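Visitor: Please take a close look at a single part of this structure and the parts around it. I would like one connected account.

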Amino acid sequence: MRKIKTFALLSLTYLFIWSCGGGGEGSKSDPNRKSTTGTSEETTEAKEVPKAGNPKGIGEIKEVKLTDPLDENMIASGKAIYEMKCSACHKLTDQKVVGPGWAGVTNRRRPEWIMNMITNVDVMLDKDPQAQKLLEECLTRMPNQGVSTGDARNVLEYMRKNDLEQTNSKDQAVKG
């Protein structure tokens, strides 16, 4: 009888930990995780391929003309907006705070996607697969800061400068 109680307690503890996500590497949210037990649930999950979505995102921004060289006036305005509205959640490095770090963002995302994420955040989080993936990673919805299209373009220019300083490259997402 004692062995049955111990087995039941261990089983319940395992189920509790498993249902809470288990944490660490190899958790459910890891799309590269491979099944080790071969259960049907894990096999189905491993076969799911995330939707790529529109690389430009969802919103009114359909095309962005990038400057070369960078526009210093836009950078100064973008920096001021970053410090006022973004810096509480985003670092300029690759360090995640509440939201993801900004280092390399223009190398990973098209400028239109970045500006749509800034100006149309609620729709992006509800419908764009890449934004939804970020939400799953960060577990906090980015608030709508009421940033205008012009201010979003200034923030983008500041991100481009930041990428040059942090990664020695910018705009790689446009080239790919």
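Guide: A helix here is a DSSP run of H or I with at least four residues, numbered from the N terminus. The model is predicted. The part I will take is helix α8, residues 149–167. With 19 residues at 1.5 Å a residue, α8 should span 27 Å, and the 26 Å between its end C-alpha atoms agrees with that. After α8 comes Asn-168, with a positive phi near 65 degrees.

The buried residues of α8 run from Ala-152 through Arg-153, Asn-154, Val-155, Leu-156, Glu-157, Tyr-158, Met-159 and Arg-160, and also include Asn-162 and Asp-163. Among the elements that cover them are α3 (72–86), α4 and α5.

The cover also works in the other direction: α8 is among the elements over the buried residues of α5, along with α4, α6 (121–127), α7 (129–138) and α9 (172–175). Eight of the nine residues of α5 are buried, so this helix is largely enclosed by the rest of the structure. They are Pro-111, Glu-112, Trp-113, Ile-114, Met-115, Asn-116, Met-117 and Ile-118.

Between α4 (105–108) and α5 (111–119) is a loop that holds Arg-109. Arg-109 is buried but makes no salt bridge. Its nearest side chain of opposite charge, Asp-128, is 6.6 Å away, whereas a salt bridge needs a side-chain nitrogen within 4 Å of a carboxyl oxygen. Leaving aside residues up to four places away in sequence, Arg-109 touches Ile-114, Gln-130, Leu-134 and Ala-173.

How values were computed: Residues are numbered from 1 along each chain as its sequence is written. This is a predicted model: local features need pLDDT of at least 70, side-chain atom pairs count only at pLDDT 80 or more; totals for chains, interfaces and linings use all residues. Side-chain values use heavy atoms; hydrogens and water are left out. Helices (H or I, at least four residues) and strands (E, at least two) are DSSP runs, numbered from the N terminus. Buried means under 20% relative accessible area, exposed over 50%, partly exposed in between (1.4 Å probe, protein chains only). Lys and Arg count as positive and Asp and Glu as negative; His and the chain ends are not counted. Contact means heavy atoms within 4.5 Å. The expected span of a helix is 1.5 Å times one less than its number of residues.
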